[in-house]
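This briefing is meant for someone who is opening the structure for the first time. Please keep the model in view while reading, and look up each residue as it comes up.

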Amino acid sequence: MAAERGARRLLSTSSFWLYCLLLLGRRAPGAAAARSGSAPQSPGASIRTFTPFYFLVEPVDTLSVRGSSVILNCSAYSEPSPKIEWKKDGTFLNLVSDDRRQLLPDGSLFISNVVHSKHNKPDEGYYQCVATVESLGTIVSRTAKLTVAGLPRFTSQPEPSSVYAGNSAILNCEVNADLVPFVRWEQNRQPLLLDDRVIKLPSGTLVISNATEGDSGLYRCVVESGGPPKYSDEAELKVLPDPEVTSHLVFLKQPSPLVRVIGQDVVLPCVASGLPTPAIKWMKNEEALDTESSERLVLLSGGSLEISDVTEDDAGTYFCIADNGNETIEAQAELTVQAQPEFLKQPTNIYAHESMDIIFECEVTGKPTPTVKWVKNGDMVIPSDYFKIVKEHNLQVLGLVKSDEGFYQCIAENDVGNAQAGAQLIILEHAPATTGPLPSAPRDVVASLVSTRFIKLTWRTPASDPHGDNLTYSVFYTKEGIARERVENTSRPGEMQVTIQNLMPATVYIFRVMAQNKHGSGESSAPLRVETQPEVQLPGPAPNIRAYAVSPTSITVMWETPLSGNGEIQNYKLYYMEKGTDKEQDVDVSSHSYTINGLKKYTEYSFRVVAYNKHGPGVSTQDVAVRTLSDVPSAAPQNLSLEVRNSKSIMIHWQPPAPATQNGQITGYKIRYRKASRKSDVTETLVSGTQLSQLIEGLDRGTEYNFRVAALTINGTGPATDWLSAETFESDLDETRVPEVPSSLHVRPLVTSIVVSWTPPENQNIVVRGYAIGYGIGSPHAQTIKVDYKQRYYTIENLDPSSHYVITLKAFNNVGEGIPLYESAVTRPHTVPDPTPMMPPVGVQASILSHDTIRITWADNSLPKHQKITDSRYYTVRWKTNIPANTKYKNANATTLSYLVTGLKPNTLYEFSVMVTKGRRSSTWSMTAHGTTFELVPTSPPKDVTVVSKEGKPKTIIVNWQPPSEANGKITGYIIYYSTDVNAEIHDWVIEPVVGNRLTHQIQELTLDTPYYFKIQARNSKGMGPMSEAVQFRTPKASGSGGKGSRLPDLGSDYKPPMSGSNSPHGSPTSPLDSNMLLVIIVSVGVITIVVVVIIAVFCTRRTTSHQKKKRAACKSVNGSHKYKGNSKDVKPPDLWIHHERLELKPIDKSPDPNPIMTDTPIPRNSQDITPVDNSLDSNIHQRRNSYRESVRNTPSTDTMPASSSQTCCTDHQDPEGATSSSYLASSQEEDSGQSLPTAHVRPSHPLKSFAVPAIPPPGPPTYDPALPSTPLLSQQEL
């Protein structure tokens, strides 16, 4: 045993340390002494150890019958063997002279020939086994009840009855409860065999289910309890054929309230009869019981329920429901489960010294709650000043004396049983003093402070030790005339004062003080007699305090005069406090009642009263609680929201009014709704008080409705919410397929969590019911969390620090889950805990200002209402575009609630979010806002321009290209320029318009074996971009031969193609001539050069004059049109006007194919047509340009363009993008005034769509307005 091992270890303990342990053990009056296993004993003294002494077997409750024999078992262990005795009903039995009762060798009690009659019951009662060891102590066992079954008495007997075949029947036979185990049944005076169809209930009643003809006969029950059997009356049971007609359901046996102990079996009877034959099912607390799969629940024959090995969880209300298809009946019964006492903490053995205070701890549980009593050596401990019950069940012994030694037992008892647990107390002798001087008695012991219930003692050091720094002191005290002395020790060496608490008023106490040093205790001081002060005569508590509510805001409190007023009562003070708060208020009252007004409605208050006399306040009464009356709610329900489900229904959600405004139990809600167009036609719906949502169906499609909700109590209806509007859909969303992939997924790792945020799928016409978030270390399939479709962020908690997690997000609906979106994150290392994060900014908005500038604004909920920043916080704005997908965020800091983001790409969708930082605290990123910059003219030319000859048509070529890398908007068309002279002015090149976003074009009827140069220019809604570099292509020499195209190097503006001349085949100079011949050649070349210069000067003069006339004509033209000037003076070169805001280029030739891949140019051209002196080329080109110009210019202007882009036409060099007609200027100025900046927030049209992402148009072919304005694209100049 542990106690024995501990005692052996004490043999090797030194004297010095044992003495120190003794001093520490006497440290405080309430402290327990040394527990089991550590006896503070010196080596020189005799060692006493705890002796194992306990019961091996204890008697149990027993049922017997008259004339039989009974054994009540009992066996105890101890060394030496204990003496066993028995008590009956608290009195020791004299077994020596008793011929029917005898003690067996193991200590059990044998009773032969049990006697029991109506007036003589000597053997029935409560028995207890008592074990005693001389010089050690006594222990007692639990008490056991011996019940003797009485004479059989029938409280009900079987009666004749009839039953239809297939139905159930019962035959009653109820006897006194102790005889039920001895009841059996006979049919036709033969023992009846019980089976699954024929059963006997615990009460003795016989139940026959699914009756057959074989069940007919005479029945009687028999009680065999040791004497002659006793028979009940016989009753005939008739089994009738099925009448094949219905009959009402009736209960033949209903369940009744039962009480059972944990571990017992219970049968809840339930038998019903009717036609058709009913089926029985059971429910517990409104939950159906599954009797088929449960091992402990069995549905017996006829419908009764058997529960095996009952537990506390089985307690509750059980419902038996009989149903035959035509009607249903039910019955109910309460099952109460009780538990025998059980020890949670048992007393433990204690070593102690005299005058010390000890506590035996004992903690028990049971149902009903057990009562606890203490026994010392078999005798009841009666509470007194020195034996006290503390903390409900613990035993405290104050001021130990030698006679307190022995065995103490904690006995717990309730209605269903009892239990005992014990411990031993050993009083140790004080250790003898070691060699050395002991201190003398402390001097001048006085009571420096005397009160009613405490005394403060002080003293001076002993004369033997004037300094006394290492001395400790013990104060012994007792009531005058009482031998039991208590001790109080000083808390530290050298302290020379102590306060004795918990004394009685007006009582004389005797005090003495002893000093201790390292050698032991010294002399005791002389006894000091001190009397505590008498207690002031204050009033007692006011009796019969009661309170009742008068109105929703007032309560009346009444009481009576205190029984022990101790003088005249001057007044009363009424204290009251709202339940759940700690602020108590009071009011002075001179009478015996008072009404408190101005209280909160339907709120519980506690009240107490204190009486005052001339000495002051008396004892307070116990608190009495009462609730004010209810009233109608004083506020409307909160957080009303509408959710449009489909085209004919709207879901309403709300929250109850604030608790302080409910003013009672909410019994229901009143919903009123109407069409917005018919406000007088209001529909009203009532729902229960626990319901916080309601689906309103049967609404009209595409109709706006108004809704409001009001709360109800038993007193009436409270105020309603404001009207809230929602419009049903014109058509229902698609749920025939799974949702698409969410448009974005962002993760923000923390130490043990990851914040996940996302935006919904771009296609908002598909129903989204929610989102599934999967995550795990290295794999997203470890955990899955599903959230509501409205949610846009989620925090994954309880993660490991410094771990790599993979996260997946899928939208789902009733069809299934959509395509997942993946992201990964590494949680932060576990360092110093992060400060509490700040709230992220809210209401983030993106306002587009230009093609490269967006203003971001937001609000900060952690700021005051006026949103004024007074501290050192700053905001971080981040933005990125999703194209390409791996684009990184850019960041910028701001100290205000807005930021201007510049340097963005034109016509690009950006997403923005904001976080706030203050010191070491930062918020998470806010919800994202989106904005698309305005378009800008293309800033790069088309790419990869190639020219190839069409197979089989040498005069037809195909031009291919790729869109510009910096389109800055949607490309709406291209212009192909081509010429045989790469250095010609751009307005002298031939143009070919290409409609839309086609990337190939076909040009016909070119001249064979002729070099052509090609340039391409792209345009969008903002204008024309730069031209590509010239690409050279030579047409084939003959039919079937291929041409060759190449990109020219940068030749410069002074480049002239070679007209004539030849070089040496090998690039070497000509053969040398003699000097005379060389001189002649030089002179000849000089003369020819002069002649050529003169001719060129004349030609240039004429050309310049013609050019100036043409410019003046262009400025005079109102609509910008020109006529080509050829051989005839009436012909003027045409100008092509193309709108620079939105250009629609139409092909000259209308192909029969409505959507041709390439356009053909059937106008014939040759190399001579391009020369400046040939009229045929002039005529053909003019004809083509005029045809194109008329097709464009005759289209009315319907689009707009910023007015700042227009310029005057009378300039020396007109910009093709800047020229515009006067009619267009007027149109653009009118429409520009109505333009507004777009916003990044778009109101959703459906609750299952996004409410944070602007809708993006679906991909598809571009649409063009058939009416475009006329804008000059090129200014044609005369050659």
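Here a residue counts as buried when its relative accessible area is under 20%, as exposed when that area is over 50%, and as partly exposed in between, with a 1.4 Å probe and protein chains only. This is a predicted model, in which local features need pLDDT of at least 70 and side-chain atom pairs count only at pLDDT 80 or more, while totals for chains, interfaces and linings use all residues. Residues are numbered from 1 along each chain as its sequence is written, and side-chain values use heavy atoms, with hydrogens and water left out.

**Nonpolar cores**

- A nonpolar core is a set of buried Ala, Val, Leu, Ile, Met, Phe, Trp, Tyr and Cys residues joined through side-chain atoms within 4.5 Å, and the largest one has 24 residues, with Ile358, Phe360, Trp374, Leu395, Leu400 and Leu425 making the most contacts inside it.
- Two or more residues each come from β32 (350–353), β33 (358–360), β38 (394–397), β39 (406–414) and β40 (417–428), where strands (E, at least two residues) and helices (H or I, at least four) are DSSP runs numbered from the N terminus.
- Of these elements, β40 gives the most to the core, with five residues.
- Another core, of 22 residues, lies apart from it and includes Leu171, Val198, Tyr219 and Val239.
- In soluble globular proteins, nonpolar side chains tend to be buried together.

**Valine 401**

- Valine 401 is found in the loop between β38 and β39, and it counts as buried because its relative accessibility is 17%.
- Leaving aside neighbours within four places in sequence, valine 401 is in contact (heavy atoms within 4.5 Å) with Glu354, Ile427 and Arg484.
- Between valine 401 and alanine 352 there are 49 residues of separation in sequence and 9.9 Å in space, taken from C-alpha to C-alpha.

**A three-stranded sheet**

- An open sheet has its three strands in the order β57-β58-β61, with antiparallel pairing, two strands being paired if DSSP finds at least two bridges between them.
- Because β57 (638–644) and β61 (693–696) stand at the edges with a single partner strand each, one side of each is left without a neighbour in the sheet.
- Strand β58 (residues 650–655) runs antiparallel to β61 and is joined to it by four bridges, and isoleucine 652 stands opposite glutamine 694 in β61.

**Salt bridges**

- A salt bridge requires a side-chain nitrogen of Lys or Arg within 4 Å of a carboxyl oxygen of Asp or Glu, and a search of the whole structure finds 35 of them.
- Glutamate 361 forms one with lysine 345, the closest N and O atoms being 3.4 Å apart; glutamate 361 lies in the loop between β33 and β34 (363–367) and lysine 345 in strand β31 (residues 328–345), so the pair ties together parts that are 16 residues apart in sequence.
- Lysine 600 and glutamate 578 form another, with their closest N and O atoms 3.3 Å apart, and lysine 600 is partly exposed, with a relative accessible area of 47%.
- Aspartate 1009 and arginine 1034 also meet through their side chains in a salt bridge (3.3 Å, N to O), and here aspartate 1009 is partly exposed at 32% relative accessible area, as is arginine 1034 at 37%.
- Asp98, Arg100, Arg101 and Asp123 are linked in a network of salt bridges.
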